[in-house]
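Please look over the sequence and the model below before reading on. The report that follows starts with one term and then moves from the inside of the chain to single residues.

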Amino acid sequence: MTLLQPQYRVLSVQIGKVLPLQIGDRTVLSGIDKQAVDGPVTVNQLGLDGDEQADLTVHGGLSKAVYAYPAEHYPFWREQRSALGLSTELRYGSLGENLTLTGLLESMLYVGDTLCFPDCILRVTQPREPCYKFNAVMGDPKAAKKMAYSGFCGFYLAVESPGSIMAGQSFAVEPGQRQLPMMALFKAAKAKSW
């Protein structure tokens with residue numbers, strides 16, 4: 001039996017529908033706009049019940065079923081927006097994440113580690129690689145580069161054991177084989193992309 005670790009907690013759970021997103025003079029579809037959900041949310045092999053992704057080639061699927069983001073990085077994004085004269089109001093889910101977590105940073109994880117919630121288990125698969133849609137949502141043409149260079153990328157999770165998850169839950173982290181630090185993947189992707 002896994003003991004829950006109170007220092008690791010879910011602050012908020014978000015889902016979103018695919019909606020039009022205006023980027024300059026064109027409109028694209030995006031599921032980045034996530035809204036908080038009260039109460040338990042069903043987690044199945046393809047993610048949270050009711051959550052949608054517009055481009056399944058880069059988001060969603062079995063290895064990117066759930067996107068988690070550390071709340072500890074929100075002050076950085078508020079500061080970035082303030083420097084551009086933009087609103088610093090950023091609700092949880094503003095970065096497109098399904099789970100806003102506290103106590104667990106990307107640098108602490110390895111590919112294959114599992115997050116054990118009271119009713120489901122999620123496995124760390126890879127860091128997020130931000131795209132142009134993130135720039136549009138943040139109102140900053142350099143937001144994706146800032147995410148890349150800060151390392152404040154969040155991480156994708158596969159569903160090892162379906163169940164449910166809700167805000168306020170504590171969870172445990174169980175180490176996998178500990179061979180590939182998650183941030184090593186992010187640095188490799190950053191070097192290739194930027």
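## The nonpolar core

A nonpolar core is a set of buried Ala, Val, Leu, Ile, Met, Phe, Trp, Tyr and Cys residues that are joined through side-chain atoms within 4.5 Å. In this structure, which is a predicted model, the largest such core has 39 residues, and the members that touch the most other members are L99 and F155.

L99 itself, once residues up to four places away in sequence are left out, touches S12, V13 and Q14, and also V66, Y67, A68 and Y69.

## The chain as a whole

The protein chain contains four helices and 13 strands. Its C-alpha atoms fill a box of roughly 55 × 35 × 30 Å, when the box is taken along the principal axes. Because a compact globule of 194 residues would have a radius of gyration near 16 Å, the 16 Å found for the protein chain agrees with that expectation.

Of the 194 residues, 45% count as buried. Among the contacts between residues at least 6 apart in sequence, 77% join residues that are at least 24 apart. As for charge, the protein chain has 18 positive and 18 negative side chains, and the centres of the two sets lie 8 Å apart.

Y67 has its place in strand β7, which covers residues 66–70. Since its relative accessible area is 4%, Y67 is buried, the cut-off for that word being under 20%. Leaving aside neighbours within four places in sequence, Y67 is in contact with L95, G96, E97, N98 and L99, and also with R128, M147, C153, G154, F155 and Y156. This list includes both L99 and F155, the two residues that touch the most other members of the largest nonpolar core. Y67 and V111 are 44 residues apart in sequence, and their C-alpha atoms are 14 Å apart in space.

L101 belongs to strand β8, residues 99–102, and it counts as buried because its relative accessibility is 0%. Apart from neighbours within four places in sequence, L101 is in contact with R9 and V10, with A68, Y69, P70, A71 and E72, and with L115, F155 and F171. Between L101 and M166 there are 11 Å from C-alpha to C-alpha, while the two are 65 residues apart along the chain.

S12 is placed in strand β1, residues 5–15. Is S12 buried or exposed? S12 is buried, because its relative accessible area is 9%. Not counting residues up to four places away in sequence, S12 touches A36, Y92, N98, L99, T100 and A167. The C-alpha atoms of S12 and D49 are separated by 15 Å, and these residues are 37 apart along the chain.

T114 lies in strand β9, residues 114–116, and with a relative accessible area of 14% it is buried. When neighbours within four places in sequence are left aside, T114 is in contact with I121, L122 and R123, with E160, and with A172, V173 and E174. T114 and V43 are 71 residues apart in sequence and 15 Å apart in space, from C-alpha to C-alpha.

H73 lies in the loop between β7 and α1, the latter covering residues 74–83. Leaving aside neighbours within four places in sequence, the contacts of H73 are L105, E106 and F152.

R178 is found in the loop between β13, residues 170–174, and α4, residues 182–193. With a relative accessible area of 33%, R178 is partly exposed, since that term covers values between the 20% limit for buried and the 50% limit for exposed. The backbone of R178 also deserves a look: R178 has a positive phi of about 60°, although it is not a glycine.

Note on methods: Residues numbered from 1 in each chain as written. Predicted model: local features only at pLDDT ≥ 70, side-chain atom pairs only at ≥ 80, totals over all residues. Heavy atoms only, no water. Buried < 20%, exposed > 50% of the residue type's maximum accessible area, 1.4 Å probe, protein only. Contact = heavy atoms within 4.5 Å. Helix = DSSP H or I, 4+ residues; strand = E, 2+ residues; numbered from the N terminus. Rg over C-alpha atoms; globule rule 2.2 N^0.38 Å. Lys, Arg positive; Asp, Glu negative; His and termini not counted. Charge placed at Lys NZ, Arg CZ, Asp CG, Glu CD.
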